[in-house]
Every structure is written in C-alpha cells, then in structure tokens.
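Please look over the sequence and the model below before reading on. The paragraphs that follow go through it one part at a time.

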Amino acid sequence: MGTITEFFRQHRYCISQKRIDEFSNDLENLLLRLYTKKLSRKLSLRAKREHKLIMSIRRYLRKYQQVILRRTDKSKVFHLGDAHDYQRKVLEYMQETEAYEEIISGVSPLSANLQQVTVLLNQLYHAEKPLITKKQYEAMYPKENETELTHLYFIPKSHKIGTPLRPIVAGIHAPAILISKYLDDSLRSVFNRVARRRIYINSLDLMKQLENYERQGHLLSTTKFITADVKNLYTMIPKGGALDALYRFCVKHGKNGKIGNLYVNTIIPLACLVLDTNCFVFDNKYYKQIRGGAMGSPFTMTLANIYMYEWEQLLIEHQQQRNELYGRYIDDIFMTSNEPVENIEALLDRENEKDPNIRITYTIHESVEFLDVLIENIQGQLKTSVFRKPAAEPYILPYTSGHPRYIHSNTIQTALLRGIRLCSDVETFDQERLNIEIALLLNGYPPNFIKRHLKQFFKNHNATSIYQDLHAETYKKLHLQLLNESLTHHTGSNPPEEQQQQYAQTNQQCQTTTSKKQPDIIIHYQYESGP
C-alpha cells in the first residue's frame, strides 16, 4: 500500500500515519473480498465460455504450427496467416529495402550500444564548456539496469492488397531510447509550427481546408483529387541525407544556433547516435539497421517529416501558384488540381524521379479516400463522408465490458460527433448514423440505450429536427459549428477573435479550479456483479 502513502504525502494531506495504515488495511481487505467473492451466475457463464474459447484457440495454434496469429496494422482485429508466407514476405521486405545488415560475429550489440550512448553523453556534459545541462544529461542517460536489446517483429497490413507487412522495432528499453524521446520532444513542436499549413493533424484539418477551397470558388466540375502514398518512408530515408536535412532545418528555424535549449551542433551527434544504435534481434540473429530509422523509435517520425518537408517544397510551390491544396499526413499526401490528368501525371512522375529514396504511388480521380474521409466531386459540389477500409471490422468497446457506463455513452457521442463533422450533408450523415447503430447493436448495446443517447445527443445540441425530420439547414449549421469548435484544439489554427476570448476565459477558469482542487482517488466501478 505504498502507493496510498505516497499519494497522501505528495498532496500534503494532514493525516497521521496510523490513520493511513488503517485506511490502507481496510482498502486491501475490501479489494480482497471483492475479488475473491463468488461470481454471479451471469458472469460465471461468461467466464467459462470465454475460457473455453481461449483454450480452443491455443489448441488450434499448437496443432497447426504453420499458422501465425498477429494483431493487424491500424485495427483492433487479429490476422491468421501462413508461417511460410509470412517468412517469405519478411525476407522480401528485407531484400527490397536493403535496410538491415546481419551482425555476423554473433555477439550481442547491446553492450557496445550502451557504451556508445554513455560515452557521448559524458563527453557532452563533462566538456570544458558543457554542451548539455545536468537536467538534459539526466533525462537522456540510459537506465543501465533496465536496458534491453530491441527486437524486430512484423504486423500484417490486412487493409492493403496482398497483406504486406509493417516492421516494428520494439525498443522501449533500448540504450538510446531516452535520447530519441528527448530529440522528438524538442524538435516535433518546432516542425509542427513551421509546417503547420502543410501537414494534417487529423481528418478535421482536411475537412476545413476542403470546405474553404469550395467556399473560395476553386472547386469546379473539372477538379480532381490526388492521393499519394510514400513507400516505406521510415526505412527508405538515407541516414546521411536525413541528417543533412535535419542540420539545415535546425539552422534555418533555430535561434542563436539552438533549438530550445539544445545547440544545433549537439543535436546532430545525438541524432546520429540514435540512428547508429538501431540494433535488434530477429529470428535468433542480430541485425543492425543501416538505412532509415526504426519504426518504434519516437524520433524517427520527426526526422522523416523533416526529410519529406524538403522533398515536397517544389510540389507545395506548384500548388500555391495555382490556388490548389497540398497536405501530408506522415507518408500520405493529398492534393487538388484543375489541370489535365496528363499534366498531373507528368508532374508527379518528375517528383518521383528526383530522389531515389522517395517513391510514391498515386491515384487521380474525382472520388478518393484519404485518412477516414471519402471525398467526392459531384458536378462541382463537394461531398464528404466517413470512410472505412474494406478489411475494417465493426468492433467497438463491447457493452458487456466492465468499464463505467459513461464510457459506453461517450462511445456513442464520439461516433456521432465524428459523423457530423465528416459528413457534408444530412442524407450522408443519416446513412452514417445507421452504420453507427448497427455497430453498436453488433457489440451488444441494448436498443433502448442507443435510442436514449441518440435523442439526448441531438437535444443537447438543440438539433432534434435532424433526428426527427432530417432537417438540412439545421444539420448544415451543426456541421459547421462542430467542425469549427475543433479550431482551438490544434496548434497554429486561428479562430475568430470572439472564440479566442471565450476560450481564454474558459481556460482561465479551468486553471483557477485546478489550482484550488487537488486530485482525488476515484473508484469508477466495483466489479462485483458485472455490468
């Protein structure tokens, strides 16, 4: 019960140690009683059924060892695959990217990597004129007793044709992981500020830009949408080229030779160290990543973004000159164009040839999917709706889970908010509402529970006419209202002055309330008899 004692100590409650001990013992006895109490018949039957299912899966996997079970990429479902096919795809990926080199000595690189990290940090901190502060040194120094060699594994992308694999380097205790986190924290905010107008935080950014594009009269019947995917971005960026791009970025956007509290000439050797210590074990062999960054290392995404930001400058300039949209979400690009298809293809093919490390595959059409939005140009009219990948399962938090009931209520509200923000008209939203209701029913939500919360949602937004009569004008107002509400949640957005003042007042009130009220221990749900 040390956690409880520490809680009272941190928040300076005036309680004697005797009273804390009594409370701790009472709480321990209560939890013991609740967890050892006999299950209700309903929960007992459910536990037996789920145990039987788990055991049958284990027996199947033991019997058919050529079957591999993995969680899929970008979804919550599992994928059963053939072990031989899986191994073939892994080898093909390694050969295609040429990003991994086997350490033929057979000696674990963990000790050498740890030494590289500690030596560099000590050099920077103990220099005659220290290049990092004590706080930075302690934040980046590895916890030697917890350090582990990373391992590589692959997860299937079942939403793509042929089910390719995505490599993940699990390095939560890698020697350089704290340096990677520190660099990411220092540089990501700077990159987001610099590139804010050209990167999408989420699909709401895309929706706002599209509706402004239509409002300004740029969407015509000839407008085409372009989506492009950068192939294997994290593993294909060259180390030297990425570090050069990082140096140029830091020099251009830093102040007095520094990014935050780090000197540019300190950032580069730290970044180089993160890339050079990307070693891992896979299939009982040791490997070193000699190209790109590890997918699983925090700094990799920021480094890839900086490299891509240089690569895309000509495209950005081309689009700006023609009042067209250009935006990127990591390795996914979205553009608009009113030029002939041949001109667009020529432009993208030229961009595809200028850097051998960056390869894009693109689609040009009046109807495209980007992130979770289906975007259509219907005779010069913009139509958007929620897009789900064909392999996506209608899985949400089951109603039978032991979560507090308000979590299930919030699940419905969040789905409706997403639908209204992404669907451009009331008829499209009504179809999305039906999809939401079907998913809820499939996950065990009672019809009355669904109906009550749907009515409550529209009542809270003074929009019951949408639920009852599909009132188009009311829906349009609510759509714009909810879309614009998210302006204050993203860096670099510029909401109207009145909204800014209102947000500032609300924020001040929240800060005042927080300063007066200490955090509480809240027990949401006593799992005694089940949901």
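Which residue of β10 does E102 stand opposite? The model in which to look for it is a predicted one. E102 stands opposite Y287 in β10. The two strands concerned, β3 and β10 (residues 285–289), are paired in the antiparallel sense, and three bridges lie between them.

This pair belongs to an open sheet of five strands. Their order across the sheet is β3-β10-β9-β4-β5, and the pairing is mixed. Strands of a sheet pair through backbone hydrogen bonds, either parallel or antiparallel. At the edges stand β3 (100–102) and β5 (165–170); each has a single partner strand, so one side of each is left without a neighbour in the sheet. On average, neighbouring strands here are turned by 40° against each other, with direction ignored.

On to β4: strand β4 (residues 150–156) pairs with strand β9 (residues 279–282) in the parallel sense, over two bridges. There T150 stands opposite F280 in β9.

Rolling a probe the size of a water molecule over the atoms shows where empty space is left. The structure holds one cavity of 30 Å³ or more. About 180 Å³ of space lies in the largest cavity. Its lining consists of 18 residues, and those nearest the centre are T150, G171, A174, T277 and N278. Sorted by class, the lining of the largest cavity has ten nonpolar and eight polar residues, and no charged ones.

How many strands does the open sheet with β14, β15 and β16 have, and is the pairing parallel or antiparallel? Three strands form it, in the order β14-β15-β16, and the pairing is antiparallel. Since β14 (367–370) and β16 (381–386) stand at the edges with a single partner strand each, one side of each is left without a neighbour in the sheet. Neighbouring strands of this sheet are turned by 20° against each other on average, direction again ignored. Strand β15 (residues 373–378) is joined to β16 by six bridges. Helix α8 (residues 203–215) lies across β14, β15 and β16, and runs at about 165° to β16.

Another hairpin is formed by β11 and β12, with two residues between them. Strand β11 (residues 326–329) and strand β12 (residues 332–337) run antiparallel and are joined by four bridges. R328 has I333 as its bridge partner in β12. In the turn of this hairpin, I330 has a positive phi of about 55°.

The last stop is a pair of helices. How do the axes of helix α12 and helix α13 cross? The axes of α12 (residues 298–311) and α13 (residues 313–321) come within 5 Å and cross at roughly 50°. The two helices are therefore oblique to each other. On the α12 side, the contact is made by Y309, E310 and W311. On the α13 side, Q313, L314, L315 and I316 take part. By class, this contact has five nonpolar residues, one polar residue and one charged residue.

Technical notes: Residues are numbered from 1 along each chain as its sequence is written. This is a predicted model: local features need pLDDT of at least 70, side-chain atom pairs count only at pLDDT 80 or more; totals for chains, interfaces and linings use all residues. Side-chain values use heavy atoms; hydrogens and water are left out. Two strands pair if DSSP finds at least two bridges between them. Axes are lines fitted to C-alpha atoms, for helices over the stretch in contact, and angles run from 0 to 180 degrees between N-to-C directions. Contact means heavy atoms within 4.5 Å. Angles under 35 degrees count as roughly parallel, over 145 as roughly antiparallel, 65 to 115 as roughly perpendicular and the rest as oblique. Ala, Val, Leu, Ile, Met, Phe, Trp, Tyr, Cys and Pro count as nonpolar, Asp, Glu, Lys and Arg as charged, and the others, Gly among them, as polar. On a 1 Å grid over the protein atoms alone, a cavity is a set of points where a 1.4 Å probe fits but cannot get out, and a pocket is an open set with protein on both sides within 12 Å along at least five of seven lines; lining residues have an atom within 4 Å of a point. Grid points are joined across faces, edges and corners, and a volume is the space filled by probe spheres set on the points.
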